[in-house]
Amino acid sequence: MKRSYTELKQSLLGINKDISLILQKAESISKNSDNTLKAWKEISARIDRQMAEKVVHVAVVGSIKSGKSTLINSLLGGEYLKRGAGVVTSIVTKIRGNDRQKAILYFKTWKEVNEDLKQALVMFPTKDKHNMGRESFDIREDRNRKNLKRILESMTTEQVISNDSLDKNRVLIAAYLKGYDRVKDIVSQAPKSIVYNEHDFYKHKDFVGDESLAVYLNDVGLTLNAGELLDSNVEIADCQGSDSPNPIHLAMIQDYLLQTHLIIYVISSRTGLRQADIQFLMLIRKMGLLKNIIFVINLDISEHDSISDLNAFIGKVREELSLIKPNPEVFTFSTLYHLFKKLASHKDREVIPRRYMLRLKEWEEEKEMLTLSTQERERFEQVFLDQITERRLNLILNSHLERIHVIADGLYEWIRLNMHFLNKDVEDVEGLLEALGRRHESMDQMSSVIKDTIQGTLRNLKQELGGDADRFFDPQYGEITRETIQFIESYDIDYTDYKKKLQISELMKALYLIFQEFQQAINRYLAESVNLKLVSFISEAEKKIENVFAQVAQPFNMMIQDARREYYRETERLNLRLKEAPFRQFKPPDIEIIKTSARVKIPPLVSNMRYSARIKTEAIFRFGLYNTLNATKKLLKKPSLEEEGVRQALRGAIRRIRKEVKESITNHFIDYKENLKFQYLYRLIDVASSNLYEELNDRIRAFTIDLSEIKHLTEGKKSMREEAAKDFIYMEGAIQRILDQIKQIHRDLD
């Protein structure tokens with residue numbers, strides 16, 4: 001019977017620990033003079049850390065109120081996440097497995113809070129004599145909070161509600177003001193977090209469920225004991241609704257999706273597949289992530305009259321999904337029913353609200369639907385566990401198993417050589433060391449050639465990808481900058497929509513609405529068009545890095561293999577009678593493993609543009625000129641043509657807005673280009689090249705071990721040689737058992 005992932009992981013960690021102990025023993029024999037043993041010891045320690053740090057990311061996405069949080073709660077067996085949280089904030093709640101239950105709230109800094117407010121106040125339709133959008137604005141100043149309250153109180157219903165929804169800037173400002181007193185002693189200049197342990201764990205929901213507190217949060221992290229489904233190497237993220245009206249939220253989901261290994265898309269059976277779902281799934285497809293997606297139809301039992309009605313609905317959704325992803329994997333079950341069922345089975349049933357029990361009793365009459373729901377839930381759990389296990393094995397076990405195997409082979413070689421040398425005279429040992437020393441020199445030269453070649457490849461690749469990035473982001477000829485500028489210049493504003501506001505007294509209101517519409521359109525264009533092009537560019541760069549280093553590795557694999565054969569021929573000529581171990585070719589890991597190992601992340605995708613209060617200042621100045629001109633005409637008893645004049649003022653202000661937006665976009669892309677090059681692409685190349693050199697060098701180390709210390713042992717007293725011989729016999733047995741265990745893991749993984 002094959003072992004589970006947890007059993008395999010514990011076995012590999014145990015093997016690595018045993019190797020570390022053998023290395024300590026070997027170092028004590030060699031008097032810490034062997035650099036190869038030191039290198040292997042460092043790698044062994046690093047493997048322990050990396051196996052703890054590597055994480056498989058699972059994103060749960062779907063439209064607002066589709067049941068994402070309920071699905072996660074149901075999967076984990078408790079009400080850990082706040083269900084039905086608001087849509088103004090963009091918190092991503094991340095859950096990992098751990099023996100201890102813990103919630104961590106990550107707060108924004110005062111700088112981030114003030115920047116949010118300054119952006120909300122740009123073009124805000126008020127008589128802002130206090131210049132609330134100025135650079136030095138700080139919500140901690142009492143006069144600023146009072147002024148903000150006065151501004152909100154003075155807003156008319158028409159200003160509060162536009163396009164049949166609450167003004168998002170007003171909602172944001174109101175939330176910050178309402179929550180200020182409760183967080184003022186928590187938020188600081190530097191990033192800060194609050195930890196709720198064990199009995200206080202559920203207090204985190206007070207923050208997440210209250211918009212006036214959640215607005216001060218960046219992220220929420222939870223750790224739970226959820227058994228095999230969730231361990232410390234798995235993270236499940238509850239993402240913002242894919243149909244959020246704010247394009248910034250869409251960009252934030254995109255950022256998380258780029259690091260995910262599995263996406264669970266939730267569809268409500270109340271609504272089916274909506275237009276917003278289709279648009280978001282098409283976006284996921286363009287990002288190249290559909291291969292990692294499974295679908296859950298969240299069954300609302302009371303929504304369907306019969307099992308045949310439900311099956312027809314499932315068929316319809318499956319057919320629609322097939323247009324986006326052929327043969328979609330779809331599961332249908334009631335997340336709420338299975339959550340309530342789990343809570344009801346809790347030993348302390350008094351904690352279950354009575355209304356839950358009443359709904360359970362009502363649902364249990366729908367036996368056919370519950371049978372289907374239970375079967376589908378079990379099928380989903382198995383597929384989810386299989387998918388997670390497969391990714392954990394590839395990401396966490398396979399890459400380290402190969403490295404540990406190479407070290408174990410090398411250690412076995414070191415032990416066998418030492419045992420041969422220990423039984424020889426001093427003169428024979430000197431002759432053997434001299435002969436092997438010449439072989440070591442040639443291998444050292446090969447190691448130097450490998451290092452120089454990889455360094456040259458690194459420099460050339462950085463230069464090539466740096467040039468690609470410069471061309472891609474070029475302000476004049478680069479694709480995304482040119483097309484974004486064209487979008488800004490060609491975006492059509494229909495002034496007839498604002499005809500009622502074409503009075504001087506209403507100008508700022510009209511300009512604010514136009515600016516909001518314009519800003520929303522730009523942000524959506526960035527999320528739905530520019531970000532996709534960025535993802536494609538980054539993906540091509542990653543493939544180039546992967547291919548280049550794979551090409552470099554191939555000839556060196558052959559060189560090392562040939563040198564190894566020559567080494568064994570040399571040991572045979574020297575009558576050392578070593579058994580040649582199979583050569584373990586280095587296969588460059590895919591880029592995802594390299595990224596995860598080194599925790600290299602793509603910089604946050606371009607999303608929200610930042611604008612200065614200068615836009616509003618210049619607009620007011622322009623309106624002032626027209627106001628003065630209109631008053632002068634009245635004094636001179638000339639027709640003022642107020643409406644046309646105001647329209648011209650409005651167009652002039654929009655031209656100024658377009659100009660600043662273009663400048664902001666251009667500067668933003670230049671900054672992003674530099675971040676992408678230096679924080680991501682160049683770091684990825686550095687990590688890939690270092691990984692390649694270390695892996696190739698591991699294979700050389702196995703037959704270039706420093707054996708000079710054995711000469712001192714052969715020169716020592718008989719008792720010392722006998723003691724050393726016992727140590728080597730013990731280590732030989734231990735390493736042989738380790739090699740047998742490694743072979744068993746390979747068999748389990750096949």
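Reader: How many helices and strands are there in the chain?
Author: The model in question is a predicted one, and its secondary structure is made up of both kinds of element. Counted over the chain, there are eleven strands and 23 helices.

Reader: What percentage of the residues of the chain count as buried?
Author: The chain has 750 residues, and it exposes about 35400 Å², of which carbon and sulfur atoms supply 48%. Among the contacts with a separation of 6 or more, 84% come from residues 24 or more positions apart. Of the residues themselves, the part that counts as buried is 54%.

Reader: Are helices α2 and α15 roughly parallel or roughly antiparallel?
Author: Helix α2 covers residues 35-53 and helix α15 covers residues 367-422, and their axes come within 11 Å while crossing at roughly 160°. Because angles over 145 degrees count as roughly antiparallel, the relation of α2 to α15 is roughly antiparallel.

Reader: How many nonpolar residues are in the contact of α2 with α15?
Author: In this left-handed crossing, α2 contributes L37, W40, I43, R46, I47, Q50 and M51, while the residues of α15 include I396, L397, H400, R403 and W414. Two residues of the contact are charged and three are polar, and the number of nonpolar ones is eleven.

Reader: Are α1 and α15 roughly parallel or roughly antiparallel to each other?
Author: Helix α1, residues 5-29, packs against α15 with the axes 10 Å apart and at an angle of about 25°. Since angles under 35 degrees count as roughly parallel, α1 and α15 are described as roughly parallel.

Reader: What is the handedness of the crossing of α1 and α15, and how many nonpolar residues does their contact hold?
Author: From α1 the contact draws on residues including Y5, L8, K9, L12 and I15, and from α15 on T389, R392, L393 and I396, among others. The crossing of these two helices is left-handed. Besides three polar and two charged residues, the contact of α1 with α15 has nonpolar residues numbering 17.

Reader: How many residues of helix α3 are buried?
Author: Helix α3 spans residues 68-76 and is mostly covered. The buried residues in α3 include K68 and N73 as well as L71, I72, L75 and L76. Taken over the helix, the buried count is nine of its nine residues.

Reader: Which residue just after α3 takes a positive phi?
Author: The position to look at comes directly after α3, where phi is about 85°. The residue with this positive value is G77.

Reader: Does E198 count as buried, partly exposed or exposed?
Author: E198 is located in the loop between β6 (192-197) and α8 (204-208), and its phi is positive, about 40°, although E198 is not a glycine. Its relative accessibility is 36%, which lies between the cut-offs of 20% and 50%, so E198 counts as partly exposed.

Reader: What distance separates the C-alpha atoms of R655 and E489?
Author: R655 lies in helix α21, residues 642-701, and counts as exposed because its relative accessibility is 53%. Along the chain R655 and E489 are 166 residues apart, and the separation of their C-alpha atoms is 9.2 Å.

How values were computed: Residues are numbered from 1 along each chain as its sequence is written. This is a predicted model: local features need pLDDT of at least 70, side-chain atom pairs count only at pLDDT 80 or more; totals for chains, interfaces and linings use all residues. Side-chain values use heavy atoms; hydrogens and water are left out. Helices (H or I, at least four residues) and strands (E, at least two) are DSSP runs, numbered from the N terminus. Buried means under 20% relative accessible area, exposed over 50%, partly exposed in between (1.4 Å probe, protein chains only). Contact means heavy atoms within 4.5 Å. Accessible areas come from the Shrake-Rupley method with a 1.4 Å probe; for residues, only the protein chains shown count as cover. Axes are lines fitted to C-alpha atoms, for helices over the stretch in contact, and angles run from 0 to 180 degrees between N-to-C directions. Angles under 35 degrees count as roughly parallel, over 145 as roughly antiparallel, 65 to 115 as roughly perpendicular and the rest as oblique. A crossing is left-handed if the near helix is turned anticlockwise from the far one by less than a right angle, and right-handed if clockwise. Ala, Val, Leu, Ile, Met, Phe, Trp, Tyr, Cys and Pro count as nonpolar, Asp, Glu, Lys and Arg as charged, and the others, Gly among them, as polar.
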